[in-house]
Amino acid sequence: MKYIILEEIDSTNSYVSRHGEELDDMTMVAAHSQTAGRGQRGNSWESEPGKNLTFTLLARRLPVAPVEQFAISEAVALGVADFLRDEGIEAEVKWPNDIYVGDRKISGILIEHSLTGSSIEQTRIGVGLNVNQTDFRSDAPNPVSMRQLTGEEYVLNRVAAGVGVSLERRLNALGDADARRQMHSEFKSRLWRREGVHPFRRRGDAHEFAGVIEDVSALGPLRVSDVATGQSGEYMFKEIEFVL
């Protein structure tokens with residue numbers, strides 16, 4: 001793992017996109033401040049300068065076919081959750097790959113790929129991890145930081161190194177079929193709201209319903225049953241959302 005620490009940048013994902021050909025495999029580009037940090041669905045990521053860990057990890061030619069790319073998302077989410085567990089924080093994965101502690105979001109993940117033919121040539125793994133920030137001013141409904149949970153103030157370089165080790169370990173396991181199957185089972189076991197009845201909303205028609213998570217496919221779709229009708233449906237990312 002190589003590390004590049006920048007003082008200020010528009011976004012680490014954009015930086016890696018611009019300079020990807022110049023960077024070595026498994027290079028983490030982190031920034032003390034992002035002026036245009038990005039999250040899922042084009043949302044911005046709130047991060048007080050110098051307080052949190054925001055980075056993009058460049059990985060080249062991961063041993064995953066494009067149709068199986070959800071395995072990379074699982075590996076990344078579990079890698080971040082592994083690091084938090086090592087720090088005494090039990091976290092779960094909110095499908096597809098946000099990281100939650102209880103009902104509060106501690107980390108967001110944005111993964112982008114560049115394809116060459118039938119192969120994933122380059123993967124840009126963007127992670128925002130709330131570390132030392134204690135005052136959140138955006139309209140994000142439920143943020144939380146490591147410091148809020150433990151009372152400890154963290155050295156960001158140490159956090160970056162720890163997360164890097166956890167991510168590298170998980171990503172290296174993708175080349176082993178048995179390890180990948182085990183990782184998928186672990187992903188499902190650490191899924192947020194995996195038990196009980198919870199409110200969902202279909203994004204297509206804004207219909208809200210009480211549902212139960214039945215399964216997550218290795219290819220990514222979430223299967224949810226509607227308690228009222230007894231019918232099950234499989235949903236891709238952006239087709240369904242949790243009601244918080």
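Q: Start with the five-strand sheet: in what order do the strands come?
A: The order is S11-S10-S9-S8-S12, in an open sheet with antiparallel pairing. Strands are DSSP runs of E with at least two residues, helices are runs of H or I with at least four, and both are numbered from the N terminus. Two strands pair if DSSP finds at least two bridges between them.

Q: Which strands are at the edges?
A: Strands S11 (232-235) and S12 (240-242) are the edge strands, each pairing on one side only. Neighbouring strands in this sheet are turned by 45° against each other on average, direction ignored. Axes here are lines fitted to C-alpha atoms, for helices over the stretch in contact, and angles run from 0 to 180 degrees between N-to-C directions.

Q: How many bridges link S8 and S12?
A: Strand S8 (residues 198-202) pairs with S12 over three bridges, in the antiparallel sense. Arg-201 stands opposite Glu-241 in S12.

Q: Before going on, what kind of model is this, and how are residues numbered?
A: The model is predicted: local features need pLDDT of at least 70, side-chain atom pairs count only at pLDDT 80 or more, and totals for chains, interfaces and linings use all residues. Residues are numbered from 1 along each chain as its sequence is written, and side-chain values use heavy atoms, with hydrogens and water left out.

Q: Now the seven-strand sheet. What is the strand order there?
A: That open sheet runs S1-S2-S3-S7-S6-S5-S4, with mixed pairing. Its edge strands are S1 (2-9) and S4, each of which pairs on one side only.

Q: What does S5 pair with?
A: S5 pairs antiparallel with strand S4 (residues 92-94) over three bridges, and also antiparallel with strand S6 (residues 104-116) over three bridges. Val-93 stands opposite Ile-99, while Val-101 has Arg-104 as its bridge partner in S6. The hairpin of S4 and S5 has three residues between the strands; that of S5 and S6 has two, and there Gly-102 takes a positive phi near 65°.

Q: Are the faces of S5 covered or open?
A: Both faces of S5 (residues 98-101) are covered: Asp-98 and Tyr-100 on one side, and Ile-99 and Val-101 on the other, are all buried. Buried means under 20% relative accessible area, exposed over 50%, and partly exposed in between (1.4 Å probe, protein chains only). In a regular strand the side chains alternate between the two faces of the sheet.

Q: Why is Asn-97 called buried?
A: Asn-97 counts as buried because its relative accessibility is 4%. Asn-97 is in the loop between S4 and S5, and its side chain makes a polar contact with the side chain of Ser-73 at 3.1 Å. Such a contact is a pair of N or O atoms within 3.5 Å; within protein, one must be able to donate a hydrogen and the other to accept it, and residues adjacent in sequence count only if both atoms are side-chain atoms.

Q: And the core: which residues have the most contacts inside the largest one?
A: They are Leu-84, Leu-129 and Leu-171, in a nonpolar core of 57 residues. Such a core is a set of buried Ala, Val, Leu, Ile, Met, Phe, Trp, Tyr and Cys residues joined through side-chain atoms within 4.5 Å. Helix H2 (residues 70-86) gives the largest share of this core, ten residues.
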